[in-house]
Amino acid sequence: MNFLEIEGLTKQFDETIVVDRFSLSVAKGEFVCLLGPSGCGKTTTLQMVAGFVKPTSGRIRLDGQDITGVRSNQRGLGIVFQSYALFPHMTVAQNVAFGLEMRRVPAAERAVRVVEALSLVHLDTFGDRYPRELSGGQRQRVALARALVIRPPVLLLDEPMGALDAKLREAMHIELRALQRRLGITTIMVTHDQAEAMTLADRVVLMNRGCVEQVGQPYEMYEQPNGRFASTFLGRANVFGGSVIDDDFVVRGVKLPAPSGAPQGKHDYIVRPEKIEFAEQGAIVRGSVSARVFLGNHWVFQVETPLGPMQTACPNSNPPSVGEGDEVGLLWDPKNVRIVAPEGKA
């Protein structure tokens, strides 16, 4: 049996359905990321799990117990917000101890557990400081310690790294993942950052317009997107609408190689930029390089082709031999192509 069961969770405000029949089973110790653009319903879903928002319909079960109608302060879940929500007039230790005080944990036990929690997040010597004396990363760790000190069955994270700069956020990804693994705590995190979700999650739940688009392990979802939205939200993708005719995929009269067994009829054709190579011999399409962008560990090229603009990417192992204005051929293996139903069709 799964540890956390979310079944048909729906939230409607007046005539607007914000979350539509969301269902998910989460195993004990699993790290799940709810990923999607702003307004897709991911935060509302998390708030319903936390008990801050009452569902219009649906059920939430934790370890076999129905908690749908249980008040938020009685669910015992650990929660970290994007703003951290620390009390500015309290020290770090007092902030961390607050949840224990509300649960009337004896003072001696509180002191021990606060020290343990601060040690977990590497803030052992910061107990007497105030939030204003901390960096953004340190405040985030205090918020995490405060959530963990109550020993919750589930940890809920709402864009917890949104206020951090890119370098610190990357470092915190590693720390958070290591901590979650060490504690074995079931975790659900909301994010709009696909790199963050791919880095941290055991499974990603991709949401769009209140609905679940796709659920899967990060590598699986990246390599096998189930549609146009998933392919473009999870990284870059070249997507073309066209039709499978016999063994080819036809776009604007151009025949492209299709995977064997592709269903006949109208579909979307998806191929990732890094799966495309420059080739003088055997090119599938030819075009002119309109832009070349350096991104540190790799290069991205935009090529104008009869299919429309296409992107290709290559590692930064050597200076590129292709520049803007060059005529090039593009080649890719049909096994790296995804053929999916067009947007809006099952």
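Before listing any lining, I note the term: a pocket is an open set of grid points with protein on both sides within 12 Å along at least five of seven lines, and its lining residues have an atom within 4 Å of a point. I also remind myself that this is a predicted model.

Entry one, the second largest pocket. I find its volume to be about 300 Å³. I read off its lining as Tyr222, Gly235, Arg236, Pro273, Glu274, Leu295, Asn297, His298, Val300, Ala313, Cys314 and Pro315. Which strand gives the most to this lining? I see that β18 does, with three residues; β17 (298–305) and β18 (308–315) each supply at least two. By class I get seven nonpolar, three polar and two charged residues.

Entry two, the largest pocket. Its volume comes to about 490 Å³. I note 19 lining residues, and the closest to the centre are Leu77, Ile79, Gly99, Arg103 and Ile150. Two or more residues come from each of β6 (78–80), α2 (92–102) and α4 (136–148), and α2 gives the most, with three. The lining divides into eleven nonpolar, five polar and three charged residues.

I followed five strands through an open, antiparallel sheet in the order β13-β12-β11-β14-β20. The edges are β13 (254–257) and β20 (338–340), each pairing on one side only. Neighbouring strands here are turned by 45° against each other on average, direction ignored.

Technical notes. Residues are numbered from 1 along each chain as its sequence is written. This is a predicted model: local features need pLDDT of at least 70, side-chain atom pairs count only at pLDDT 80 or more; totals for chains, interfaces and linings use all residues. Side-chain values use heavy atoms; hydrogens and water are left out. Two strands pair if DSSP finds at least two bridges between them. Helices (H or I, at least four residues) and strands (E, at least two) are DSSP runs, numbered from the N terminus. Axes are lines fitted to C-alpha atoms, for helices over the stretch in contact, and angles run from 0 to 180 degrees between N-to-C directions. On a 1 Å grid over the protein atoms alone, a cavity is a set of points where a 1.4 Å probe fits but cannot get out, and a pocket is an open set with protein on both sides within 12 Å along at least five of seven lines; lining residues have an atom within 4 Å of a point. Grid points are joined across faces, edges and corners, and a volume is the space filled by probe spheres set on the points. Ala, Val, Leu, Ile, Met, Phe, Trp, Tyr, Cys and Pro count as nonpolar, Asp, Glu, Lys and Arg as charged, and the others, Gly among them, as polar.
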